[in-house]
Amino acid sequence: MADVVKDLTSGTMGGAAQLIVGHPFDTVKVKLQSQPAPLPGQVLKFSGAMDAVKQTIAAEGPRGLYKGMGAPLATVAAFNAVLFTVRGQMEALLRSESGVPLTVQQQIICGAGAGVAVSILACPTELIKCRLQAQSALSSTSATGHVKYGGPMDVARHVLRSEGGLRGLFKGVVPTLAREVPGNAIMFGVYEALKKSMAGGPDTSGLGRGSLMVAGGLAGASFWALVYPTDVIKSVIQVDDYRNPKFSGSIDAFKKILATEGVKGLYKGFGPAMARSVPANAACFLAYEITKSSFG
């Protein structure tokens with residue numbers, strides 16, 4: 001039970017640090033992913049990441065970059081507590097004897113298991129977040145008919161009332177799983193491999209904060225480098241119009257994006273995602289490690 005409390009508390013602190021550092025980058029990513037394809041003779045609303053930042057600040061002020069943070073902030077404790085606690089419990093199951101470090105391969109298995117667990121929380125949370133982040137881009141096209149939301153609870157009420165009830169909040173659960181399971185597997189595997197490499201062996205307890213931040217930042221980058229197209233598919237499905245959907249499912253979204261935009265369509269917003277992943281995950285893992293070590 002003591003280990004569970006450590007992981008719950010440390011995961012919560014890590015998630016809070018990650019969210020504060022990374023949310024503006026995430027807002028830009030979602031805006032680029034979800035903007036409608038232009039009609040013939042028209043141009044995209046946002047020409048790139050910096051243009052999205054400039055237009056967002058001009059139209060909504062700096063607070064616009066933090067739009068949609070209420071939903072993940074409200075659930076960040078549960079999300080990261082589950083991620084790190086499930087990982088910790090899987091470590092305990094796989095460990096041959098107390099105190100023996102796990103291999104990198106075992107850490108990959110632990111990360112995959114944690115990814116399954118967090119997908120259940122991530123899907124409805126990110127649906128709400130993506131709706132709020134993307135609505136300014138979507139509403140610029142008069143034919144879309146997208147609803148204007150007043151905040152996270154307004155999104156949740158609308159979905160529950162008008163989009164199939166609880167099932168509507170889990171729209172996009174398949175690509176969420178396809179992102180979280182392999183993504184967390186590679187992230188935790190890379191994190192532990194880098195720590196052991198920098199420590200020169202399995203004992204990583206003597207690593208400084210700088211080393212932990214480097215390992216955490218590169219681990220986060222590996223997550224997005226592996227699974228980014230699935231995140232694009234998740235975002236377009238979650239912001240798709242319920243009454244007049246463009247996509248019938250994940251495979252249909254994949255095919256239509258490839259057909260209309262090519263491979264680069266599966267990497268819309270990749271720059272902001274990678275720019276976010278390094279500092280946000282460096283902050284997350286550092287906060288996690290510091291909090292956990294404070295327990296003694």
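**Pocket, cavity and helices**

Modeller: The lining of the largest pocket has nine nonpolar, 10 polar and 13 charged residues. Here Ala, Val, Leu, Ile, Met, Phe, Trp, Tyr, Cys and Pro count as nonpolar, Asp, Glu, Lys and Arg as charged, and the others, Gly among them, as polar. The model is predicted: local features need pLDDT of at least 70 and side-chain atom pairs pLDDT 80 or more, while totals for chains, interfaces and linings use all residues. Residues are numbered from 1 along each chain as its sequence is written, and side-chain values use heavy atoms, without hydrogens and water.

Colleague: What volume does the largest pocket have, and which residues are closest to its centre?

Modeller: Rolling a probe the size of a water molecule over the atoms shows where empty space is left. The volume of the largest pocket is about 1000 Å³. Among its 32 lining residues, Arg95, Lys195, Thr204, Glu289 and Lys292 are the closest to the centre. On a 1 Å grid over the protein atoms alone, a pocket is an open set of points with protein on both sides within 12 Å along at least five of seven lines, a cavity is a set where a 1.4 Å probe fits but cannot get out, and lining residues have an atom within 4 Å of a point.

Colleague: How many cavities of 30 Å³ or more are there?

Modeller: The count comes to two. The largest cavity has a volume of about 520 Å³. Of its 29 lining residues, Gln18, Phe79, Glu126, Arg179 and Arg276 are the closest to its centre. By class, this cavity lining has 12 nonpolar, nine polar and eight charged residues.

Colleague: Which helices supply at least two residues each to the lining of the largest cavity?

Modeller: They are H1 (2-34), H3 (70-94), H4 (104-138), H7 (173-199), H8 (209-238) and H10 (270-294). Helices are DSSP runs (H or I, at least four residues), numbered from the N terminus. For the largest pocket, H1, H3, H7, H8 and H10 each supply at least two lining residues.

Colleague: At what angle do the axes of H8 and H10 cross?

Modeller: Two packed helices are described by the angle and the distance between their axes. The axes of H8 and H10 come within 7 Å and cross at roughly 140°.

Colleague: What follows H7 and H2?

Modeller: Glycine 200 follows H7, with a positive phi near 75°. H2 is followed by glycine 61, whose phi is positive, near 80°.

Methods
Grid points are joined across faces, edges and corners, and a volume is the space filled by probe spheres set on the points. Axes are lines fitted to C-alpha atoms, for helices over the stretch in contact, and angles run from 0 to 180 degrees between N-to-C directions.
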